[in-house]
Amino acid sequence: MTEKSSPQIALPKVAATSGAADAAPVIIKVRELSLFYGAAQALNQISIAIRKNLVTAFIGPSGCGKSTLLRCFNRMNDLIDNVRIEGQVEINGEDIYSKEVHLIELRKQVGMVFQRSNPFPKSIFENIAYALRLHGTTRRAELEEIVERSLRQAALWDEVKDRLHTSALGLSGGQQQRLCIARAIAIRPEIILMDEPASALDPLATARIEELILELKRDFTIVIVTHNMQQAARISDHTAFFYLGRLVEYDATTKIFTHPAVKQTEDYVTGRFG
Amino acid sequence: MGLKRGHQAHPIEWLVERGIFLVATTAILMVFLIFVFVAREALPVFLGQTNSSLVQEVLPVEKMNTLTPVELQKYLGLSAKQYRELDRESIRALMEVKIEGATEASHDKDAGLNTTAWRYLIGPHQWTGYERPAYIWQPVSQIHKYNIVPLLIGSLKVTLVALLFSVPLALGAAIYVSQLASTRAREWLKPSIELLAGIPSVVLGFFALLVLATLLQKLFGYQGRLNALVAGVALGLAVIPVVFSIAEDALSSVPRSYTQAALALGSSRWQTAWQIVLPAALPGVFAAVVLGFGRAMGETMVVLMASGNASIVSGSIFDSTRTITATIAAELAETVFGGHHYRVLFMLGTLLFIITFVSNLAAGQVITHLKSRMEGKR
Amino acid sequence: MSATASTAPALRPFRSRRFDLASFVFSGLTGLATFLIIAILLVILGNVIYSGGASLSWRFITSGTESDMFDVRKAGVLPMIIGTTARVLLMTIFVLPVGVITAIYLTEYAASTSRFTRVIRSAINNLAGVPSIVFGLFGLGFFINFIGQHLDGVLHGTDTVWGKPALVWASLTLAVMTLPVVVVATEESLRAIPSGLREASLALGATKLQTIAKIVLPQALPGILTGAILAISRAAGEVAPILFTGAAYYMADLPTRLSDQFMDLGYHVFILSTQSPDIEKTRPILYATVLVLLLLTIALNVVAIFVRARMRRNLRMLQ
């Protein structure tokens, strides 16, 4: 459960609030994962298992490696030069760092929402349709149907239904981020990675994103990196606390925020450092 | 405490700053001066004041005693300075030459035409000895034929060949270097391609003349060694670094967030490059092509050396071709200062300046327009 | 809304992807374009170095063309090297101060949004797009026929000293042509300097001018140097602008005064390629002359690339 138990894979067992949550199958399994940028080590022997159809929050001070770990799940770290990765990441029992893995298939099934909303400089409709066309949907009727469904699911439909064909860059920050979520869920991934999706938004927009995440939980497994303690407490089922590239504690969210097992975690969640 | 001592306390600094401001206006001044002074020499052509007609009102030699110096100078078509340098004997000789020329030329029915009038500069004309009305640039012998259509067609033809050859190569390389190549490969590929810009155009012309012409002739098996194809391909080599540089800059300045979003959705590298990065960089790519066009239209030495320089109206790229730039370069040195040939060549220069100026401006306009559209302001 | 709870898509293996033909074709074609350009560059350089190297000799670059201009065994290119060097150095003296000061104005003084700044910028862009032959016409129309003739009118009466092609007019024409090169390179290096440096200097009580002279300019030196080298390399190979403003087909003496005409490497290449009575006989000297010209321009370019690369690395460390 703590860093001491590193050979074992950290997995919250305590059925503090949600009994069903712990019964859910494991979807991501990380074994002794270390990551180096050149000589600098960013992740140190991380082992963690993430359960299906839950919201798992990664918290920790800046530079603790939480975003880096998140980006290991869809291999976005591959884009950076000089990165070396040791250890294993399994999704649905398959090692995603094995040579035969096709990056495109992986990223199709592991979606991502970034810290800063990044819609393409295309229309709202085309932003989502782009993702769909990539993966073989070309019939206009089908496209329209999925675009509408995705926008509804992202709680954006009512705001944009009259201007689907105007530029996505004309939307507000919060709307842009919900569009990015709609774009990610349009291709029906199993897992959605969210890298501080609300950190650039105002409180109102943030609240809408959080609502949305709770909605999406039914259909998707969500891993979210956040700086915001309250946000983690509000929306996540499980929380993992990282510090200096290590996994310090991983447990049910209520447990982490009420009775953390490690002193460091307590100091951080109560705001004594970080 | 002298807290209020501002610029008043530093008159020298104030002066220097004024000076900096003045120097900074040099670029504006130069563009203005280029236009004014190239157009100034061509102004008589634009105003219809030049006259190349050989049948002019001729004055008897005795008239030189009754005319004022200003009238005489104008009659002989001399500048004030040239006139001052002449003694009476030379003036008498000049007047005789003029009479002689007029009587000789009047045998040809075209001799009385002012070939610098606009209808002859741009329209076809039925010249003596030709079967049908034709566009002719032939500023030699007695009757100077100044039709600019063959030159315009020549310039456009060579430019088209150059762009067809260079744009696909340069854009392909720009996409490869900015999107697909590894960081290490990019570090040496980019400067290597830009090194092509360091080869002087006279060397490209030389290369076209000695190597390329032979090679292409063997490849296509046409008759004349030098033609629009040879010049166009060599010109393309000068255009490649221009298009590559600007397009590569535009492609690599597309925000990384677009690329990341596309990759995270599962697009492959080429799909990202083709469907996301290229459209986003389109204004820059467009500008690259337009500037490439300007460069091709304005390049002189390559076409002067490799195009064959025959001013014929033809659509074939295997025919010898004469461009606007090559015409100016080849003919200006042989013209009479201030004469109609001299002025028509400056008119071509003005035309060239306007073409490149407008295409630069148009590129700028399109870029601003596309940018504002992409930023959601539409 | 898809209310069918927990219907996450069924497990799909990551490996079920066929060979991606489109990807292969796309990378192949763009890679081929890149390769072709590099290959053409190498062919040109290789051709000139191979054929020119054979007839290049010490005597060739240290003697004039007294006897036979087209015979490599007798003629040399010293007067052309001197002529080209002279016009390029003179040009640098003219263009560098103006270009650097313009860049200083644009980065340090001008409000980036003001109409005036925009006009300067578009003027610089347009200047960069003006065809080189038009610069030649401008040099003839402005420097020679306007300035030169008026100078003669004032200084020399009826003699023609300045109102004809001359070293100084060719250099000035080239200076106008290369102004954008210097401005753009200097501006880039000025913009890369962190504004913290300027603020620190201003906070110490330095005036703006002192800050520019003592803090900003020294940092921008590599950029200015790059600009100068690129301008020199561009100008050294240009022929069209000097056709009517100063280059001579043949001169018995080396240029000694600003009003003298000069022989020029690039122009000489043009003459040798197009005016030779026997191109086969001329081939060796032609290749050797081209090699000298290429060595000059390419070497300058390579130096500029290195200086710029080093500058960018240093600035990245600074930021």
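**Close-up views of a predicted three-chain model**

**Figure 1. The contact between chain A and chain B**. In this predicted model, 28 residues of chain A are in contact (heavy atoms within 4.5 Å) with 23 residues of chain B. The model is predicted, so local features need pLDDT of at least 70 and side-chain atom pairs count only at pLDDT 80 or more, while totals for chains, interfaces and linings use all residues. Residues are numbered from 1 along each chain as its sequence is written, chains are lettered from A and ligands numbered from 1 in the order in which they are written, and side-chain values use heavy atoms, with hydrogens and water left out. The buried area, that is, the accessible area (1.4 Å probe) that two parts lose on being put together, summed over both, is about 2000 Å² between chain A and chain B, and carbon and sulfur atoms give 62% of this value. Within chain A, the residues that lose the most area to chain B are Leu79(A), Pro121(A) and Tyr130(A), together 25% of what that side buries. Five residue pairs, both at pLDDT 80 or more, are in polar contact across this interface; a polar contact is a pair of N or O atoms within 3.5 Å, where within protein one must be able to donate a hydrogen and the other to accept it, and residues adjacent in sequence count only if both atoms are side-chain atoms. On the side of chain A that touches chain B, the elements giving two or more residues are helix H2 (103-109), strand E6 (110-113), helix H3 (124-134) and helix H6 (173-186); helices (H or I, at least four residues) and strands (E, at least two) are DSSP runs, numbered from the N terminus.

**Figure 2. The open sheet of chain A**. Four strands of chain A form this antiparallel sheet in the order E2-E1-E4-E5, where two strands pair if DSSP finds at least two bridges between them. Strand E2 (40-51) and E5 of chain A stand at the edges with a single partner strand each, so one side of each is left without a neighbour in the sheet. Strand E1 (residues 26-37) and strand E4 (residues 83-91) of chain A run antiparallel and are joined by eight bridges. Opposite Arg31(A) stands Gln88(A) in E4(A), and opposite Ile28(A) stands Ile91(A) in E4(A).

**Figure 3. The hairpin of E4(A) and E5(A)**. Two bridges pair E4(A) with strand E5 (residues 94-95) of chain A in the antiparallel sense. Asp95(A), in E5(A), is the bridge partner of Glu90(A). Two residues lie between the strands of the hairpin, and Asn92(A) in the turn has a positive phi of about 50 degrees.

**Figure 4. The contact between chain B and chain C**. Each chain is represented in the contact, with 76 residues from chain B and 76 residues from chain C. About 6500 Å² is buried between chain B and chain C, and carbon and sulfur atoms give 82% of that area. In chain B, the most area is lost to chain C by Leu195(B), Phe206(B) and Trp270(B), together 10% of what that side buries. Helix H2 (residues 26-47) of chain B gives the most to the side that touches chain C, with eleven residues.

**Figure 5. The surroundings of Ser276(C)**. Ser276(C) is found in the loop between helix H9 (265-274) and helix H10 (279-318) of chain C. Ser276(C) has a relative accessible area of 17% and is buried (under 20%; exposed is over 50% and partly exposed in between, with a 1.4 Å probe and protein chains only). The side chains of Ser276(C) and Thr282(C) are joined by a polar contact of 2.4 Å. A polar atom of the Ser276(C) side chain also lies 3.0 Å from the backbone nitrogen of Asp278(C).

Note on methods
Lists of a residue's contacts leave out its neighbours within four places in sequence.
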